[in-house]
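Below is a short report on contacts within one chain and between two chains. Have the sequence and the structure open as you read.

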Amino acid sequence: MKLRGRTVNTGNVEAEAIVLESSFSFTADFDPDNGNLVIRGHPLHGEKIAQKILVIPAAKGAVNASLMLYKAKKMDNAPLAILCRSVDPITVECAMTVDIPLMDSFDKDPIKTIKTGDYIRVLGEKGIVVVED
Amino acid sequence: MILTKEEEAMARGQYGPGLEKCINLLIKFGEVFNAEKLVKVSSAHVYSAFPLDLLMELTEGANQSGAFTTIHPFMSLSDPLSWEKMGISKDHVTPLNREHEKKVEIYNRLSFFRTYTCVPMLVGNFVKKGDFISWFGSCPQLLANSIIGAKQNRDGAVVNMAIAITGKAPYWGLFLDENRSAEILVEVEDSDSELLTTTDYGAIGHYVGGIAKDRNIVINGLNRNITLDEMHYLLPPLSATGAVSLCHIVGVTPEAPDLITALGNKPPKETIHIGKEEISRAKEEYSTPESEEIDLVILGCPHCTIQELKQVAFLLENKKVGTNQRLWIGTAQQIYNLAQTMGYSQIIEKAGGLISRSCMSAVPDCPIPDDIRIIATNSFKTAHYISTFSKGRRRVVIGDLEDCINVAINGKWEVGD
């Protein structure tokens, strides 16, 4: 299956997806020291975000979120790409700071089409995301 | 995006690799939000806990800041002048201070003024209505946008740093007049606004922020003589429980001569009513039984003004902070110097109080002494952050400045409602 979207920060990567249904913050919901999701009570609490493709509706976030991600990236604990419904300034800054692909405005809702554990390919140059069967 | 010749040269690297990186980041960022051009900023205010290696990368080859620039407070209580007295571990502070010394060289080279405060407008970073600026920190951003009417977006740390270094910012968002109208109307009702305390104001901000999220708001029904100190407690919680960047106050702030103007001649998308009940409910979130002993009192979020330090000194004169209590007060170096000239800081320190240039809201982001379990403060923003970050390990109680000083002396919560 393919999704077409807008490439905000380009790049081509492939990895497993982790999908969150509520908005996400790199300052409150993420531990840069191990790359894990930290939302107490959330079914995916403790799951790795590091080296995966993070799929979120949008980010809520503090103004130092990009620095948390920068710290994580230096320890290989950052996600490889971020896909969201529509980007907000903080997420754009995050992706540009660590230079990972960021896409939004897809023809299908990424939250509903992509499932946690799906293996996906992000082709930033072409504006396409491929979900492997 | 339309660029000037100078901006194009900067983007090609003619002014060095640091400026090249910064301006290209700003161009790319601006294009995502359909900015048609970059504009010159008159003022910037940057984050102190910026990673050294990233700062070196962005400033490589740059010898002056692009705009008048001041610096935010020390984070993680790492102020070299106060960490030891606060009982913060050496292991925690040493690496931060080592980085800090290297950053000071960069700050000095670029003329980033080392104010270490979240109230840059009180220490010489004076901006005018309509100026384009970029200030780091949700609280300084909100204060400058709202109280002064200087235009700024909720810039993140890296975009903000790139703006300070180049002196240029993408023309988008709250730089445009049409995006500055309020969408949310807050009606303050059944409360005599003449009698509202700073804690009441904080409670209003705390309550409203949670509902307003990131939308612009206008508050109607407040006393037109509201003081700067009172606005310092009303506004910051809006960017703690919410992410509000602009709050008009009818008859007070420059873009709100009347309600209709503040709303941009449109009906509000939502109206929030707030009165005695909502105010007391917000205060009850942070209350404690009178029998419990308070371990630490925190004042100075935002950093204390000279008026507040005067009041603290007056309340502490010939008194002592309790033997089991601590009193930590955040302020700017420059305000501290004035407090020394006036004799206030000597009274506060003689009584056992400690004054720091650190951020007083981010306290649990570092290992503070274990025996600190219950914290009293006059700031809803401090209360919100400490209880969120410490995940229940530390409790917070809220009260007026006078209540807080009394509890620092007596150990127990005797005043308040």
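## A salt bridge between domains

B:Asp79 and B:Arg357 form a salt bridge, with 2.7 Å between the closest N and O atoms. The term means a side-chain nitrogen of Lys or Arg within 4 Å of a carboxyl oxygen of Asp or Glu. Between domain 1 and domain 3 of chain B, the count is one salt bridge.

This is a predicted model, in which local features need pLDDT of at least 70, side-chain atom pairs count only at pLDDT 80 or more, and totals for chains, interfaces and linings use all residues. Residues are numbered from 1 along each chain as its sequence is written, chains are lettered from A and ligands numbered from 1 in the order in which they are written, and side-chain values use heavy atoms, leaving out hydrogens and water.

## Domain 1 against domain 3

Chain B is assigned domain 1 (5-177), domain 2 (181-284) and domain 3 (296-410). The bounds come from an automatic or database domain assignment. Over C-alpha atoms, the centres of domain 1 and domain 3 of chain B are 27 Å apart. Domain 1 of chain B gives 26 residues to the contact and domain 3 of chain B gives 24; contact means heavy atoms within 4.5 Å.

About 1,900 Å² is buried between these two domains of chain B, with 66% from carbon and sulfur atoms. Buried area is the accessible area (1.4 Å probe) that two parts lose on being put together, summed over both. B:Leu77, B:Met86 and B:Val123 supply 26% of what domain 1 of chain B buries against domain 3 of chain B, more than any other three residues.

Five residue pairs are in polar contact between domain 1 and domain 3 of chain B, both residues at pLDDT 80 or more. A polar contact is a pair of N or O atoms within 3.5 Å; within protein, one must be able to donate a hydrogen and the other to accept it, and residues adjacent in sequence count only if both atoms are side-chain atoms.

## Chain B against chain A

The contact takes 23 residues from chain B and 20 residues from chain A. Together the chains bury about 1,700 Å², 67% of it on carbon and sulfur atoms. B:Lys28, B:Val32 and B:Arg154 supply 27% of the area that chain B buries here, more than any other three residues.

Between chain B and chain A the count is one salt bridge. A:Lys74 and B:Asp53 meet in a salt bridge through their side chains, at 2.1 Å from N to O. On the side of chain B that touches chain A, α2 (17-32), α3 (52-59), α6 and α7 (157-166) each supply at least two residues. The largest share, four residues, comes from α2(B). Helices (H or I, at least four residues) and strands (E, at least two) are DSSP runs, numbered from the N terminus.

## An enclosed helix and a buried loop residue

Ten of the ten residues of α7(B) are buried, so α7(B) is largely enclosed by the rest of the structure. Buried means under 20% relative accessible area, exposed over 50%, partly exposed in between (1.4 Å probe, protein chains only). Just after α7(B), B:Gly167 has a positive phi of about 75 degrees.

B:Asn223 sits in the loop between β8 (217-220) and α9 (228-234) of chain B. B:Asn223 is buried, at 14% relative accessible area. A polar atom of the B:Asn223 side chain lies 2.9 Å from the backbone nitrogen of B:Asn225. Leaving out residues up to four places away in sequence, B:Asn223 touches B:Ser193, B:Glu194, B:Tyr201 and B:Val252.
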